[in-house]
Amino acid sequence: MSGDPFYITTPIYYVNGTPHIGHAYTTIAADTATRYHRMLGRPARFVTGTDEHGQKVLEAAEARGLSPKAHVDDLVPSWKAMMEGIDISYDRFIRTTDSDHEAVVTRVLQRLFDEGLIYQDVYEGWYVVTDEAFITDKDREAQIKSGKKTEADFKKVEETNYFFKMSQFQQPLIEHIEANPTFLQPASRRNEVLGFLRNDLGDLCISRPKARMRWGIELPFDTDYVCYVWFDALLNYLTAAGYTAEKGDRSHDAWWPAVHLIGKDILTTHSVYWTTMLLALDVPLPKQIYAHGWWLSNEDEKISKSKGNTIDVDRLCESFGVDPTRFFFLCEIRFGADGTFSYDGFLTTYNTTLANDLGNLIHRGLSMTSKWLGPTVPARNAPDSGLLTLATDAAKRAHEAFETLQFKDAIDAVFEVVGAANKHIEDQKPWDKNKAGETEALAAVMRDVLEVCAFAGLWLLPVMPTKAAEVLRAVGLSPDEAETKLRALVQGESQLDVLTEGQPLAPGDPIFPRHVEMPPLIAELLAPEEEDEGDIELPDLDWIEFPDFAKIQLRVGHVLEAGLHPDADKLLVLKVDIGERRPRTICAGIKAVFQPEQLVGRKVVVVANLKPRKMRGIVSEGMILAAGDKQVVDLVSVEAHPGETVR
């Protein structure tokens with residue numbers, strides 16, 4: 001399989017800052033998308049880097065007694081180390097101090113000036129030092145009112161500068177956005193930009209006088225000025241694509257247009273400044289600009305260095321592994337939404353999804369097969385039809401999700417199959433087949449389980465490149481075979497027939513070992529400062545530790561059917577969809593409170609890993625949470641999709 005070239009970028013990160021969870025998140029997403037396209041045989045290019053000019057960089061360098069270039073050279077290794085630490089495979093790490101980039105910026109400035117699209121004028125108004133930007137009276141008032149800024153953040157200036165005729169391209173930009181619904185994503189960001197563009201746009205100041213700020217790329221037509229840092233920085237995307245800025249040259253066409261992944265806080269600069277620059281240069285607009293959300297702390301604050309609530313990604317990687325860290329950030333929220341981070345939530349996701357669901361399936365599949373049938377892939381005539389149907393549907397959804405950058409949806413689709421395979425083991429009881437000497441039936445069950453392990457490994461390779469490769473090697477697939485196999489799955493070949501009879505298996509220790517408690521490095525980080533407050537009075541309860549709670553798997557359920565139990569006065573029998581290939585049958589002692597018709601359509605919370613038991617002749621496959629002590633008052637309800645984890 002091949003296709004059009006895929007070119008993806010992260011923002012170039014501000015070199016003065018410290019890498020944190022937000023930077024890691026964007027970069028992991030771009031890396032995962034690139035790996036997926038490469039696995040499908042598409043030419044792919046992934047660019048990231050650092051933004052190194054501007055007033056704040058100059059001030060930081062002077063405070064250290066260094067030249068600006070020496071200062072940024074000293075800082076760049078920490079950004080590259082962050083990316084290496086989370087297994088990022090970029091094609092270019094671009095710096096705005098790179099000579100080819102400075103040359104492109106210089107040629108663009110001269111070209112736009114020659115074409116009359118840059119002019120000189122006097123600016124009188126407000127300047128925001130922290131943002132290195134000029135703003136209107138209206139914007140100043142809005143930022144002060146919202147609490148984002150104080151009056152001290154603004155400085156009144158009157159200054160001669162150069163301006164880009166951004167307003168000339170306002171209407172063409174509106175028309176492009178309206179004609180291309182997926183150009184700005186998610187849809188809420190598209191609406192936000194269109195709302196912004198309904199007002200007068202104005203022109204963009206693209207210079208700073210050297211008398212005030214000398215650290216930048218010099219204007220070729222007036223050496224008393226340097227280029228505004230954003231105008232300079234945005235052009236990196238073209239530089240990295242091979243753009244020369246010569247009129248009529250199409251050297252960049254091999255990669256352009258790009259997909260830009262950005263944080264929602266820099267939406268305007270990318271969707272308005274950058275796009276109008278491209279229109280002025282007669283360069284096609286990006287394929288897509290995707291503004292993802294923020295990671296928030298438990299207090300619903302944006303996680304940032306300035307707020308002092310940053311998450312230590314290095315500790316996560318060292319404690320849980322690089323791949324589980326990548327996995328968490330992509331599986332926890334839909335790309336584009338805000339997400340709330342907590343270390344406890346991370347531990348729960350790791351134990352529930354990786355250790356219990358996938359890790360347990362792999363370990364059981366390998367150990368039972370090796371013990372009862374030998375350490376090779378067993379034979380079977382055909383995949384289980386139910387598993388195959390589910391896997392075929394999941395593969396289609398996973399492919400569509402990866403193509404549209406919805407990594408959580410892709411992972412959820414894969415884990416539906418993983419969950420079904422775990423249930424397949426419980427339903428088929430291979431231990432009974434082994435005892436009964438039903439070798440052929442036993443082999444068929446274990447082959448299905450191993451095929452699901454291979455299915456999960458292949459589809460998760462872009463997300464967890466090291467651990468997924470371990471999964472594939474354990475079930476007899478070499479990394480060299482992985483790309484060929486994944487392409488076959490995308491093209492619709494049998495989703496559960498990728499292994500070959502007789503291939504050696506490699507059983508061993510669990511690939512995702514369970515953490516019964518918070519790893520020491522993180523526990524140390526979370527430990528409160530010791531204060532002598534005396535003994536803490538606690539209510540007289542049967543206390544449990546967090547690992548005990550983490551064993552309980554709660555899922556959102558959708559009640560599809562409800563009826564009376566034929567042999568019990570207090571029980572109702574429900575059919576509940578919890579995101580599996582078939583609904584669960586659950587008996588609930590709530591007949592005194594609810595009529596069956598009152599329950600159909602309700603969203604409930606189900607204990608999904610409660611061992612099934614017969615209740616007056618009907619096997620109940622879970623328990624529904626309810627409020628009330630001796631008598632039920634109401635059912636616990638959550639408005640979410642069936643199968644979503646409740647924690």
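The lining of the second largest cavity divides into 1 nonpolar, no polar and 5 charged residues, where Ala, Val, Leu, Ile, Met, Phe, Trp, Tyr, Cys and Pro count as nonpolar, Asp, Glu, Lys and Arg as charged, and the others, Gly among them, as polar. The residues concerned are Ala420, Lys423, Asp427, Glu580, Arg581 and Arg582, and the space in this cavity is about 50 Å³. A cavity here is a set of points, on a 1 Å grid over the protein atoms alone, where a 1.4 Å probe fits but cannot get out, whereas a pocket is an open set with protein on both sides within 12 Å along at least five of seven lines; lining residues have an atom within 4 Å of a point. Grid points are joined across faces, edges and corners, and a volume is the space filled by probe spheres set on the points.

This is a predicted model, in which local features need pLDDT of at least 70 and side-chain atom pairs count only at pLDDT 80 or more, while totals for chains, interfaces and linings use all residues. Residues are numbered from 1 along each chain as its sequence is written, and side-chain values use heavy atoms, with hydrogens and water left out. The protein chain has a mean pLDDT (the predictor's confidence in each residue, from 0 to 100) of 90, and 94% of its residues reach 70 or more. Over residues 303-309, however, the pLDDT is below 50, and this stretch has 18 contacts in the model beyond near neighbours in sequence, a contact meaning heavy atoms within 4.5 Å.

The structure holds 3 cavities of 30 Å³ or more, and about 70 Å³ of space lies in the largest cavity. The elements that give two or more residues to the lining of the largest cavity are α13 (343-373), α21 (546-550), β16 (554-564) and β25 (645-646); helices (H or I, at least four residues) and strands (E, at least two) are DSSP runs, numbered from the N terminus. With 3 residues, α21 gives the most to this lining, which includes Thr348, Phe546, Arg555 and Val646. By class, the lining of the largest cavity has 6 nonpolar, 4 polar and 2 charged residues.

Among the open spaces, the second largest pocket has a volume of about 1,800 Å³. Of the 48 residues that line this pocket, Asp357, Gly419, Gln553, Arg555 and Glu580 lie nearest its centre. Two or more residues each come from α13, α14 (385-403), α15 (407-428) and β25, and the largest share, 14 residues, comes from α15. The lining of the second largest pocket divides into 15 nonpolar, 12 polar and 21 charged residues.

Helix packing is the next topic. The axes of helix α1 (residues 21-39) and helix α12 (residues 322-331) come within 10 Å and cross at roughly 90 degrees, where axes are lines fitted to C-alpha atoms, for helices over the stretch in contact, and angles run from 0 to 180 degrees between N-to-C directions. That angle makes α1 roughly perpendicular to α12, since angles under 35 degrees count as roughly parallel, over 145 as roughly antiparallel, 65 to 115 as roughly perpendicular and the rest as oblique. On the α1 side the contact is made by residues including Tyr25, Ile28 and Arg35, and on the α12 side by Arg326, Phe329 and Leu330.

Helix α1 also meets helix α19 (residues 479-490), the two axes coming within 9 Å and crossing at roughly 85 degrees, which makes α1 roughly perpendicular to α19. Tyr36, Arg38 and Met39 of α1 make this contact with Ala482, Glu483, Leu486, Arg487 and Val490 of α19. Helix α11 (residues 313-320) packs against α12 at an angle of about 120 degrees, with the axes 6 Å apart, and is therefore oblique to α12. The residues of this contact divide into 7 nonpolar, 1 polar and no charged.

Most residues other than glycine have a negative phi, and most peptide bonds are trans. A cis peptide bond joins glutamine 185 and proline 186, with omega about -10 degrees, and proline 186 is placed in the loop between β7 (184-185) and α7 (187-197). The peptide bond from tryptophan 256 to proline 257 is also cis, with omega near 10 degrees, and proline 257 is found in the loop between α9 (236-239) and β12 (259-263). Alanine 245, which lies in the loop between α9 and β12, has a positive phi of about 75 degrees although it is not a glycine.
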